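Welcome, and thanks for taking a look at this one with us. Please have the sequence and the model open as you read.

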Amino acid sequence: MLRRALPLAVLLLAAGCSSGPRRGLLSSRDVPPGWSLFNTDHYQVLTDGGPEEARATAERLEGILALYRRILPSRQELPRFPVRVFRTYDAYLSYGGEDGTAGCYDQSTGDLVLTRFVGLGGGDPMVRLPSPQEMTATAYHEAWHQYFHWYLDADADPPAWFDEGMADYFGQTRIVPADHAPEGAPDAPGGGKWIFGRPNHGWGDAIRAAIADGSALPLREFVHLPRGRYYDRPAVCYPQGWSLVHFLINSRDPRTHEVPDALVRALSAGADASKAVDEAFAGMDWGKLEREWRAYVEALR
Ligand SMILES: [Zn+2]
């Protein structure tokens, strides 16, 4: 039993499940006793949390997938993505989830794996369980990896800062009533609207502190950081990746808005991570970019 608090910053550090045999999609006759299977157009959710959990998870994922497909439309026919939701944290860890995470995407099998944390902490008030909102953020985060890796090709290895930064940026996406949304916000399920770019206060503080103490890497170096080294320094790299994506999408400089599209185009054409980054940032004034990103992060509160 885990006997420590689980801050959100740790919960979202899902570097990936440990790889197991390909488990993939099931037919209804293969569902273990006590488990529920729910199919939608693009997801198959298997859970020991009951049929309502299966349905709610599948519908939540269909909602965010519709958004991802608007952002990155694909001409290929979508598969049905496999999802596992474990009621208890112990079962999640046994399946291959990493301790301290709320979900993961297994790149080798294509599985999206989540937990509801039942039983964690045994009532210990020192153990802070994640809120439903935080669990939804994790589902959105991992669904980004699942869709993006399928979109590129299961074997592609996109730059870690972009893969994780986009997952965190869209993990913070929320549905609000239509009359509370800004002009032009995209439609969300249930008649609401999607809103983006909410500040993640913990990570805003973390990246400002990392800039102040010099532990944040210069952007020119950061965008080429190999995935393994990114995951070696999660407390700095995740906030930096999230803040860089936030900046590229929302800054006032139109040149920065072109970077995500150019990066995805290069990756789709088969460029490796390093070459795609070089193409996406070609001709960039790194000194100016660094200054503008720092000013943006300072104001992101
Ligand atoms: Zn991730």
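Here is a short briefing on domains, core, a helix pair and one backbone detail.

This is a predicted model, in which local features need pLDDT of at least 70, side-chain atom pairs count only at pLDDT 80 or more, and totals for chains, interfaces and linings use all residues. Residues are numbered from 1 along each chain as its sequence is written.

**Two domains**
- The chain is assigned domain 1 (8-153) and domain 2 (161-299), with bounds that come from an automatic or database domain assignment.
- Taken over C-alpha atoms, the centres of domain 1 and domain 2 are separated by 23 Å.
- Contact between the domains involves 17 residues of domain 1 and 21 residues of domain 2, where contact puts the C-beta atoms of two residues, placed from the backbone, within 7 Å.
- On the domain 1 side, α1 (8-11), α2 (51-71) and α4 (132-152) each supply at least two residues; helices (H or I, at least four residues) and strands (E, at least two) are DSSP runs, numbered from the N terminus.
- The helix that gives the most to this side is α4, with eight residues.
- By class, this side of domain 1 has 12 nonpolar, four polar and one charged residues; Ala, Val, Leu, Ile, Met, Phe, Trp, Tyr, Cys and Pro count as nonpolar, Asp, Glu, Lys and Arg as charged, and the others, Gly among them, as polar.

**The nonpolar core**
- The largest nonpolar core has 72 residues, of which V45, L61, A143, W144, W161 and L263 touch the most other members; such a core is a set of buried Ala, Val, Leu, Ile, Met, Phe, Trp, Tyr and Cys residues joined through C-beta atoms within 7 Å.
- At least three residues of this core come from each of domain 1 and domain 2.
- Leaving out residues up to four places away in sequence, W161 touches F222, V223, L225, Y230, G241 and L244.

**Helices α5 and α9**
- The axes of α5 (residues 160-171) and α9 (residues 234-250) come within 8 Å and cross at roughly 75 degrees; axes are lines fitted to C-alpha atoms over the stretch in contact, and angles run from 0 to 180 degrees between N-to-C directions.
- The two helices, α5 and α9, are therefore roughly perpendicular to each other (65 to 115 degrees).
- Among the residues making the contact are W161 and F162 of α5 and W242 and L244 of α9.
- By class, eight nonpolar, three polar and two charged residues make up the contact of α5 with α9.

**A backbone detail**
- F117, in strand β5 (residues 111-118), has a phi near 65 degrees, a positive value in a residue other than glycine.
- F117 is buried, with 20 other C-beta atoms within 10 Å (buried is 20 or more, exposed 12 or fewer, partly exposed in between, with C-beta atoms placed from the backbone).

Notes
Parallel < 35°, antiparallel > 145°, perpendicular 65-115°, else oblique.
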